[in-house]
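Reader: I have the model open on my screen and would like to understand the words used to describe it. Could you walk me through them?

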Amino acid sequence: MAAEDPDRAVGEPDRAVREPDRAVREPDRAVREPDILRLGRHSFGPRRLLVMAIVNRTPDSFYRPAVTWDESAAMDRVHQVVAEGADIVDVGGVPAGPGSDVDSSEEIRRTAGFIAAVRAAYPDVVISVDTYRHEVGREACAAGADLINDAWGGWDPRLAEVAAEFGAGLVCAHAGPQQPRTRPLRVHYPDVMADVLDQTLTLARRAVGAGIEPGRIVIDAAHDFGKNTWHSLEVTRRLPEMVATGWPVLVSVSNKDFIGEALDLPVGERVAGTLATTSVCAWLGARIFRAHQVAWTRQALDMVSAIRGDTPPARAVRGLA
């Protein structure tokens with residue numbers, strides 16, 4: 001039986017800060033061109049749902065460890081995900097959780113040269129680097145990265161300066177009080193979505209102040225980062241509050257622990273829960289979806305687009321011929 005949410009009684013509605021700070025929200029729409037997301041040489045409209053494919057150059061990832069540790073295997077993965085419909089290739093050199101130490105020089109060795117190879121092979125694909133260090137971000141952008149995916153909530157404030165220097169985008173995520181590569185322990189928020197909005201909007205405004213084009217900034221609730229399962233479930237159902245800020249929303253839910261705990265399933269059996277969560281987030285307005293299973297994620301998102309009426313069926317003959 002699941003443990004009770006320590007922050008509220010089971011069944012209690014999420015009333016607190018349901019209308020978070022409209023006076024704070026509205027200026028965000030004023031500083032950016034409405035609904036246009038610019039990544040690399042591409043511009044994406046508000047109804048375009050983007051798949052960000054995960055390529056981890058680490059031997060100790062939480063999902064399928066070391067499968068793309070070898071560079072040739074990692075490049076095979078890139079070929080595969082591009083063929084499956086990935087819009088963004090997200091290259092990381094450090095696992096999110098605790099484990100072996102990886103200094104910045106080793107992280108650069110794992111990512112920068114590989115990003116250069118991906119850029120050479122795919123001039124038009126959007127490339128992201130998953131890092132919280134400005135030194136790594138600089139080398140990755142010099143090698144061809146278009147986006148810095150900072151999952152640790154601006155822990156290194158110089159990342160924004162690097163993104164501005166190279167004309168790259170920046171993901172502004174909520175990690176709560178967590179230090180990089182640490183796990184949450186009895187973390188408490190009076191209102192988790194209020195905290196998410198406060199941190200991500202503050203980071204987005206700082207990014208604009210650092211010189212990043214507003215159209216290249218994305219916000220992310222960062223499921224499981226600085227959160228327990230109850231928190232991650234709550235930010236999922238309250239995602240429209242993030243969407244209402246006007247900033248494009250990224251979700252990174254693929255095979256995560258909150259899905260495993262909600263369903264009581266190990267990492268290798270969370271695909272159905274991941275796709276369900278992905279579809280809910282798409283329906284609620286998220287625009288970028290970081291994923292391990294790219295082909296299935298692409299299909300789920302295309303189905304959401306068809307249901308919403310954003311795209312026609314790929315083939316429609318039933319009852320017509």
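Reader: What makes D90 and R290 a salt bridge?

Author: Happy to start there, bearing in mind that this is a predicted model. The closest N and O atoms of D90 and R290 are 2.7 Å apart. A salt bridge asks for a side-chain nitrogen of Lys or Arg within 4 Å of a carboxyl oxygen of Asp or Glu, so a pair at 2.7 Å qualifies. In general, side chains of opposite charge can pair when their charged atoms come close.

Reader: Why is the pair said to tie parts of the chain together?

Author: D90 lies in strand β4 and R290 in strand β10, residues 288-291, so the bridge joins parts that are 200 residues apart in sequence.

Reader: How do you know whether D90 and R290 are buried or exposed?

Author: Buried means under 20% relative accessible area. D90 is at 0%, so D90 counts as buried. R290 has a relative accessible area of 13%, so R290 is buried too.

Reader: What makes D191 and R238 a salt bridge?

Author: Their closest N and O atoms are 3.3 Å apart, and the limit is 4 Å, so this pair also qualifies. The two residues sit in distant parts of the chain, 47 residues apart: D191 is in the loop between β7 and α6, and R238 is in the loop between α7 and α8. Both D191 and R238 are buried.

Reader: Which other salt bridge does R238 form?

Author: R238 also forms one with E234, where the closest N and O atoms are 2.7 Å apart. E234 is buried, as is R238. The structure holds 18 salt bridges.

Reader: What makes N228 a cap for α7?

Author: A side-chain oxygen of N228 lies 3.1 Å from the backbone nitrogen of W230, at the N-terminal end of α7. A polar contact needs N or O atoms within 3.5 Å, so 3.1 Å passes.

Reader: Now to the strands. What makes β6 and β7 a pair?

Author: Two strands pair if there are at least two bridges between them, and β6 (residues 147-150) and β7 (residues 169-173) have four, so they count as paired, in the parallel sense. Within this pair, L147 stands opposite G169 in β7.

Reader: Which strands close into the barrel, and in what order?

Author: Eight strands close into it, in the order β3-β4-β5-β6-β7-β8-β9-β10, with parallel pairing. From one strand to the next, the twist averages 25°. Helix α3, residues 104-121, lies across β3, β4 and β5, and runs at about 175° to β5.

Reader: Why is T131 called buried?

Author: T131 has 2% relative accessibility, and the cut-off is under 20%, so T131 counts as buried. T131 is found in the loop between β5 and α4. Residues that T131 touches include E107, V136, I148 and D150. The C-alpha atoms of T131 and I148 are separated by 6.9 Å, although the two are 17 residues apart along the chain.

Reader: What lies 3.2 Å from a polar atom of the T131 side chain?

Author: That is the backbone nitrogen of R133.

Terms used: Residues numbered from 1 in each chain as written. Predicted model: local features only at pLDDT ≥ 70, side-chain atom pairs only at ≥ 80, totals over all residues. Heavy atoms only, no water. Polar contact = N/O pair within 3.5 Å; in protein donor to acceptor, adjacent residues only side chain to side chain. Axes fitted to C-alpha atoms, helices over the stretch in contact; angles between N-to-C directions. Contact = heavy atoms within 4.5 Å. Buried < 20%, exposed > 50% of the residue type's maximum accessible area, 1.4 Å probe, protein only. Lists of a residue's contacts leave out its neighbours within four places in sequence.
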